[in-house]
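Here is a short report for a reader new to this structure. Look over the sequence and the model first, then read on.

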Amino acid sequence: MQIIKQQYKVCGEDFLMAGAASAAVKKKLNQLGFPATFIRRTSIAMYEGEINMVIHADGGVADVEIAEDYVKITLTDQGPGIENVELAMQEGWSTASHTVRELGFGAGMGLPNIKKQSDELEILTAKDKGTTLIITIKL
């Protein structure tokens with residue numbers, strides 16, 4: 001199988017379209033015949049990262065690389081950065097606004113869920129410069 005590369009724009013604060021990129025990747029993986037468990041893990045990890053970009057970073061870009069035995073998702077934003085990665089990795093810890101929480105988002109499970117579903121997670125972040133998540137899910 002030849003490596004497939006796709007890019008998706010994620011719009012900030014657009015809760016109606018939040019999840020569209022991860023849904024498109026899920027559809028593509030289904031079309032390619034990947035196992036359901038692999039597709040589920042990939043979809044969850046990507047969705048959580050996509051939602052974080054919508055909530056915290058005014059959107060960003062999702063670059064997806066689909067290979068025969070892995071999917072690599074690179075989520076890049078120009079948001080405020082993650083001030084304390086160690087805290088952000090704790091379940092339930094969130095900096096989401098009250099308004100976002102009222103919408104049902106921002107429960108502080110994003111990064112912990114990404115970590116649980118991925119085989120590799122690299123977080124590159126700098127205050128006022130943005131965040132890049134590099135997520136690899138292996139078959």
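## Helix 5 and its cover

In helix 5 (residues 110-117), the buried residues are G110, L111, P112, N113, I114 and Q117. Buried means under 20% relative accessible area, exposed means over 50%, and partly exposed lies in between (1.4 Å probe, protein chains only). Six of the eight residues of helix 5 are buried, so this helix is mostly covered. The cover over those buried residues includes helix 2, helix 3, strand 4 and strand 5 (130-138).

## About the model

This is a predicted model, in which local features need pLDDT of at least 70, side-chain atom pairs count only at pLDDT 80 or more, and totals for chains, interfaces and linings use all residues. Residues are numbered from 1 along each chain as its sequence is written, and side-chain values use heavy atoms, with hydrogens and water left out.

Helices (H or I, at least four residues) and strands (E, at least two) are DSSP runs, numbered from the N terminus.

## Helix 2 against helix 5

Helix 2 (residues 36-56) packs on helix 5 at an angle of about 155 degrees, and their axes are 9 Å apart. That makes helix 2 roughly antiparallel to helix 5. Axes are lines fitted to C-alpha atoms, for helices over the stretch in contact, and angles run from 0 to 180 degrees between N-to-C directions. Angles under 35 degrees count as roughly parallel, over 145 as roughly antiparallel, 65 to 115 as roughly perpendicular and the rest as oblique.

The crossing of helix 2 with helix 5 is left-handed. A crossing is left-handed if the near helix is turned anticlockwise from the far one by less than a right angle, and right-handed if clockwise. On the side of helix 2, the contact (heavy atoms within 4.5 Å) uses R40, R41, I44, A45, E48, G49 and N52. Helix 5 brings G110, L111, N113, I114 and Q117. These residues divide into four nonpolar, five polar and three charged. Ala, Val, Leu, Ile, Met, Phe, Trp, Tyr, Cys and Pro count as nonpolar, Asp, Glu, Lys and Arg as charged, and the others, Gly among them, as polar.

## Helix 1 against helix 2

Helix 2 also packs with helix 1 (residues 20-32). Here the angle is about 165 degrees and the axes are 8 Å apart. Helix 1 is therefore roughly antiparallel to helix 2. Their crossing is right-handed.

From helix 1, the contact takes A20, A21, S22, V25, K26, L29 and N30. They meet F38, I39, T42, S43, M46, Y47 and E50 of helix 2. By class, this contact has eight nonpolar, four polar and two charged residues.

## Salt bridges

Side chains of opposite charge can pair when their charged atoms come close. A salt bridge is a side-chain nitrogen of Lys or Arg within 4 Å of a carboxyl oxygen of Asp or Glu.

D119 pairs with R41, with the closest N and O atoms 3.2 Å apart. D119 is partly exposed at 40% relative accessible area, whereas R41 is buried at 16%. E91 and K116 meet at 2.6 Å, N to O. E91 lies in the loop between helix 3 (85-88) and helix 4 (98-102) and K116 in helix 5, so the pair ties together parts 25 residues apart in sequence. E91 is partly exposed at 49%, and K116 is exposed at 51%. E65 pairs with K5, with the closest N and O atoms 4.0 Å apart. E65 is in strand 2 (residues 59-66) and K5 in strand 1 (residues 4-11), 60 residues apart. E65 is buried at 18%, while K5 is exposed at 65%.

## Two strand residues

Which strand holds V71? V71 is in strand 3 (residues 70-76), and V71 is buried at 0% relative accessibility. Leaving aside neighbours within four places in sequence, its contacts include L29, F38, T42, E65 and I135. V71 and G110 are 19 Å apart in space, C-alpha to C-alpha.

C11 is in strand 1 and is partly exposed at 38%. Beyond its neighbours within four places in sequence, C11 is in contact with V54 and G59. The C-alpha atoms of C11 and V61 are separated by 8.6 Å, though the two residues are 50 apart along the chain.
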